[in-house]
Amino acid sequence: MGETEGKKDEADYKRLQTFPLHSDMPEEMRVETMELCVTACEKFSNNNESAAKMIKETMDKKFGSSWHVVIGEGFGFEITHEVKNLLYLYFGGTLAVCVWKCS
Amino acid sequence: MKVISETGNLEEDEEPKELETEPGSQTDVPAAGAAEKVTEEELMTPKQPKERKLTNQFNFSERASQTYNNPVRDRECQTEPPPRTNFSATANQWEIYDAYVEELEKQEKTKEKEKAKTPVAKKSGKMAMRKLTSMESQTDDLIKLSQAAKIMERMVNQNTYDDIAQDFKYYDDAADEYRDQVGTLLPLWKFQNDKAKRLSVTALCWNPKYRDLFAVGYGSYDFMKQSRGMLLLYSLKNPSFPEYMFSSNSGVMCLDIHVDHPYLVAVGHYDGNVAIYNLKKPHSQPSFCSSAKSGKHSDPVWQVKWQKDDMDQNLNFFSVSSDGRIVSWTLVKRKLVHIDVIKLKVEGSTTEVPEGLQLHPVGCGTAFDFHKEIDYMFLVGTEEGKIYKCSKSYSSQFLDTYDAHNMSVDTVSWNPYHTKVFMSCSSDWTVKIWDHTIKTPMFIYDLNSAVGDVAWAPYSSTVFAAVTTDGKAHIFDLAINKYEAICNQPVAAKKNRLTHVQFNLIHPIIIVGDDRGHIISLKLSPNLRKMPKEKKGQEVQKGPAVEIAKLDKLLNLVREVKIKT
């Protein structure tokens, strides 16, 4: 049991640490954004606010103004977003990240 | 004193004078100053020959002009804002966990698939798989789209005909409480199709399994104007377009849907051919068709009826035609094989041809019906107005003959409950009800116009409907009124002749076809579908036994009268 669990964890880790649950973005944009989120979350692994800050600022610079980022482990949301500018992904088995644009 | 004042005055005087002189002196002073400066500069210039030229009024003139500036206008424009949608989700630990587990399973599946593929050549395998999946997804998409479109069509139809749908389900004519012994028919949907516009409805049949689906055969009763034929299947859920559509070269004269296989429709044509259509295969062509070689009739086929599967589990059906033959068709190994069951001979009028052979003029069969319980017994109606009771086992003799009508018999029908009673209608304006053991009819109804079709109601042994060529539908209930129709209603415009009528097996509606290709569905008002009245304290028994008993009572009354007379 322990072995299988260990294998599973490894598999979990090796496989996607993140996968996008719901994404509205064009492929390129999505890939970039996902990488950015991963970087930010790893960098600020104990501080969600600064991770979100980093993501938001970078997105604003790259893709235009008024991005919103929410990072957390337990929340529900209902948002209005511009079409083709939404990414909702899970990271590292516990975190959920939601990034959307709405000016 | 004066001196002071004078001096004062003088001073005052002097001040103004001084004042007056001051400006003058001031002007004198700058002029003097300027002159002094000019002179100074003139004195200086010889010392510095290179000096910038002074611009003054005498050696410099400045000119300026202003071009016309266009007036300024404000322009605004607003583009459409980028489209927005809402999105909502919840992020919980358990949701995250579930999602990861699902993902893991998916990945494992794809890994297994890849492993299974490795023995086969990988690249070509993958290409083919991709092509297949893309094709499948295309056809799947089309199928899904067509299903979605179908549902949409039905919803739109329901909305358009909403009041009719409500009437169909819930409307019961309240006035029936006051009208004793009379009922009405409420018109519901009307079915018509452009392609079948000029054709008459020649056959109607409800599907035994899908109770809202019915089949309509289109052809022409006119001997001179024969054209193509059509077979359409309509559903009550979509009155504007048929569910299935088949066309044929020759007019469809009759059809029957198999009880056990509700996707098989047997069809008889004007040119004598019979065909079987398989609704599961949406080709326009019949799955099986008879031909001149395989023994088709030489005259129009007036009625077909499915029978029970024969001993080899082959499907078979019977057909009757004007050429006097009743033929049993069996589907053996994908081919239609025919067996002549009976030849309708006109009794008593055999003519002798010189060579000693006896010619039997052949009667023309126009309608038949099989007994519900006694399998081998069936009735055939002919163009001469006679009805023969026949058995499948005897091919040359009839069990009985009834001199039924003066003109051709259009329909014969056994009562669904009472095993001894049958009904016949004819173009001689009459509908007759018989007991098959008695040679004379029990009840005769004259309807003032050629009767196209009669049908027994499935819910009562004493109710039946008849349609006539003057566009009227008549409903009779023998338990209520033995001599007259309890409902007599024009259903179509006077010019349209009604050709067929059928009761639906579960809903209280009838469909009526006319010779213009229209089908009208009508709801029976409560008076028309009366069940036996409950007496206080007695239970109402339902079931075929009651129906049979009801009809028996009536028949006995008539029989007693007859015996007396």
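**Notebook: a first look at chains A and B**

I started with the record: an unreviewed UniProt entry carries the annotation "repeat: WD" over residues 402–435 of chain B. I then looked at that span in the model, which is a predicted one. Its end C-alpha atoms sit 11 Å apart, and the span is 59% strand and 0% helix.

Next I checked confidence. For the model as a whole I noted ipTM 0.74 and pTM 0.58. Chain A has an average pLDDT of 81, with 83% of its residues scoring at least 70. I marked residues 1–15 of chain A, where pLDDT is below 50 and the stretch makes 7 contacts beyond near neighbours in sequence.

Chain B has a mean pLDDT of 76, and 78% of its residues reach 70 or more. I flagged two stretches here. Residues 1–38 of chain B stay under 50, with 15 contacts beyond four places in sequence. Residues 532–542 of chain B are also below 50, and I found 4 contacts for them beyond near neighbours in sequence.

Then I asked myself: which residues touch the most other members of the largest nonpolar core? They are Leu185(B), Ile475(B), Phe503(B), Ile510(B) and Leu524(B), out of 22 residues in that core. Strands β26, β27, β29, β30 and β31 of chain B each give at least two residues to this core.

Last, I noted a second, separate core of 21 residues, with Leu199(B), Leu232(B), Ile511(B) and Ile519(B) among them.

Key: Residues numbered from 1 in each chain as written. Chains lettered and ligands numbered in written order. Predicted model: local features only at pLDDT ≥ 70, side-chain atom pairs only at ≥ 80, totals over all residues. Heavy atoms only, no water. pLDDT = per-residue confidence, 0-100. Contact = heavy atoms within 4.5 Å. UniProt positions renumbered as here; feature names shortened; annotations may be inferred. Helix = DSSP H or I, 4+ residues; strand = E, 2+ residues; numbered from the N terminus. Core = buried A, V, L, I, M, F, W, Y, C linked by side-chain atoms within 4.5 Å. Buried < 20%, exposed > 50% of the residue type's maximum accessible area, 1.4 Å probe, protein only.
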